[in-house]
Amino acid sequence: MEITKDTIKHVATLSRLAFNEEELGKFTDQMGSIINMADQLSEVDTEGVEETVQVVDRDTVFREDKPEHWQGQNRETLMDNVPEKANGYIKVPVIINKDEDE
């Protein structure tokens, strides 16, 4: 796969990054090298090699997903302990701006 300056510009736009021409050239070369190294892995014969999910020989431990009751167990106690509230709701910072261009 060939990495071009247009590819890097596209990825930069998606990442909300801005690069000058010198940086675009540098990152185009670096990304090309990384992709070429990854392509070399496809040349390795992996026939008969078992897939590895974890490098450590350990089982994944899952806990039962069940609700836990907290001390106080009432709305007033909860609302007394939140840093900001408005109209009976917990106020949180805005993370999505509707006016923002996609």
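A polar contact is a pair of N or O atoms within 3.5 Å; within protein, one of the two must be able to donate a hydrogen and the other to accept it. Keep that in mind for the start of α2, where a side-chain oxygen of Asn20 comes to within 3.1 Å of the backbone nitrogen of Glu22. Please note that this is a predicted model.

**The helix and its two sides**

Helix α2 covers residues 21-41, which makes 21 residues. From first C-alpha to last, α2 reaches 31 Å, close to the 30 Å expected at 1.5 Å a residue.

Which residues of α2 are buried? They are Leu24, Gly25, Thr28 and Gly32. Viewed down the axis of α2, the buried residues fall within an arc of 95°, so they line one face of the helix. As background, an α-helix has 3.6 residues a turn, so residues three or four places apart point the same way. The packing partner of the buried residues of α2 is α1 (5-14). On the face turned away from the buried side, α2 carries the exposed residues Glu22, Met37 and Leu41.

**The aromatic pair**

The structure holds one aromatic pair. Its members are Phe19 and Phe27, with ring centres 4.7 Å apart and planes at 55°, so the pair is tilted. Angles under 30 degrees would count as stacked and those over 60 as edge-to-face. Here is how accessible the two residues are:

| Residue | Relative accessible area | Class |
|---|---|---|
| Phe19 | 28% | partly exposed |
| Phe27 | 27% | partly exposed |

Methods
Residues numbered from 1 in each chain as written. Predicted model: local features only at pLDDT ≥ 70, side-chain atom pairs only at ≥ 80, totals over all residues. Heavy atoms only, no water. Helix = DSSP H or I, 4+ residues; strand = E, 2+ residues; numbered from the N terminus. Expected span 1.5 Å × (residues − 1). Buried < 20%, exposed > 50% of the residue type's maximum accessible area, 1.4 Å probe, protein only. Arc of directions from axis to C-beta. Contact = heavy atoms within 4.5 Å. Phe/Tyr/Trp six-rings, centres within 6.5 Å; stacked < 30°, edge-to-face > 60°.
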